[in-house]
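Here are some notes for a colleague who is meeting this structure for the first time. They are meant to be read with the sequence and the coordinates at hand.

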Amino acid sequence: MTLFLLMIVAHVLGDFYLQKGQWVACRNTHHYASWGLCKHILSHIGLLVIALWLAGELSVKGWIAIVLIGFSHLLIDIWKSYQADKLVYFLLDQFFHVLIVALAAWGLNGADIELIQSQLLSLLTVKYLAVGCAYVIACRPASIAISIALNHYTAQLKDKQTGLASAGCWIGYLERCLIISFILIGQFAGVGFLLAAKTIFRFGDLTKERDMKLTEYMMLGTLLSFSCALMLGWWVNRL
């Protein structure tokens with residue numbers, strides 16, 4: 001685990017702190033022929049050498065792992081340079097980088113399939129599965145259910161929907177996941193703080209609009225969202 005964490009620190013430093021904006025721009029423009037990408041890969045390799053040296057793994061296997069990680073990083077970044085600047089590609093890019101690092105650390109530490117299987121099976125308990133279900137239900141399914149419940153009132157406010165596209169959905173996802181997290185860790189005051197914070201931010205809009213319909217609509221949406229998250233959190237805690 002120490003080796004894996006050191007390699008993750010090296011990856012984060014190389015990808016997010018040492019990589020300059022002009023290197024990224026050069027990569028996105030010139031792709032595989034980019035000097036910025038070469039500098040980025042070299043800095044990454046340097047950080048990996050330090051990480052493996054600190055972990056005492058700078059052996060022949062360690063150097064092979066560094067070369068493989070550096071080469072895979074190069075290929076993944078070239079692929080990313082052809083993609084649009086969207087969240088899904090950023091997440092995929094980071095997922096593949098971390099996966100390669102994990103496999104390298106696993107190989108250097110000695111692969112123990114039975115240990116990994118036992119650790120994965122230990123996660124398949126009713127409690128952990130229920131927690132996963134709660135978060136999944138709290139996002140898209142709950143959003144659709146709330147949207148259907150408010151459909152009649154939404155039609156009355158079509159001329160007032162001037163907010164950012166999809167922002168309301170993301171706010172709902174985040175607030176319900178936060179509420180479930182607060183309940184699971186027993187910090188119920190966080191739920192009250194979240195409701196108060198949302199009320200303060202919305203207060204200005206509602207005061208400006210001076211519209212009873214809009215106020216009631218927002219109250220209904222917020223209370224439905226909070227109720228859904230509270231019930232999911234309560235259900236998980238009951239198991």
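1. A definition comes first: a residue is called buried under 20% relative accessible area, exposed over 50%, and partly exposed in between. Please keep in mind throughout that this is a predicted model. By these cut-offs cysteine 169, with a relative accessible area of 32%, is partly exposed, and cysteine 133, with a relative accessible area of 39%, is partly exposed as well.

2. How many disulfides does the structure hold? The number is 0. Cysteine 133 is in no disulfide, and the nearest cysteine sulfur, which belongs to cysteine 139, is 12 Å away. Cysteine 169 is likewise in no disulfide, its nearest cysteine sulfur being that of cysteine 139, at 11 Å.

3. The domain assignment divides the chain into domain 1, residues 1–120, and domain 2, residues 126–238. The centres of domain 1 and domain 2, taken over C-alpha atoms, are separated by 37 Å.

4. According to the unreviewed UniProt entry, the annotation "transmembrane region" covers residues 62–82, 88–108, 128–150, 170–196 and 217–236. In the model, residues 62–82 are 95% helix and 0% strand, with 31 Å between the end C-alpha atoms. Residues 217–236 are 100% helix and 0% strand, and their end C-alpha atoms lie 29 Å apart.

5. The largest nonpolar core has 15 residues, and those with the most contacts inside it are Ala134, Ile179, Ile180, Val191, Phe226, Leu232 and Val236. At least two residues of this core come from each of helix 7 (126–138), helix 10 (167–184), helix 11 (188–209) and helix 12 (212–238), and helix 12 gives the most, with 5 residues. Apart from this core lies another, of 14 residues, among them Met7, Ala51, Leu52 and Leu108.

6. Which residues does valine 191 touch, if those up to four places away in sequence are not counted? Its contacts are Ile179, Phe182, Ile183, Phe226 and Leu230.

7. Histidine 31 deserves a separate look, as this residue has a positive phi of about 55° although it is not a glycine. Histidine 31 lies in the loop between helix 2 (21–30) and helix 3 (35–54). Is histidine 31 buried or exposed? With a relative accessible area of 17%, histidine 31 is buried, because buried means under 20%.

How values were computed:
Residues are numbered from 1 along each chain as its sequence is written. This is a predicted model: local features need pLDDT of at least 70, side-chain atom pairs count only at pLDDT 80 or more; totals for chains, interfaces and linings use all residues. Side-chain values use heavy atoms; hydrogens and water are left out. A disulfide is a pair of cysteine sulfur atoms within 2.5 Å. Buried means under 20% relative accessible area, exposed over 50%, partly exposed in between (1.4 Å probe, protein chains only). UniProt positions are given in the numbering used here, feature names are shortened, and annotations may be inferred rather than shown by experiment. Helices (H or I, at least four residues) and strands (E, at least two) are DSSP runs, numbered from the N terminus. Domain bounds come from an automatic or database domain assignment. A nonpolar core is a set of buried Ala, Val, Leu, Ile, Met, Phe, Trp, Tyr and Cys residues joined through side-chain atoms within 4.5 Å. Contact means heavy atoms within 4.5 Å.
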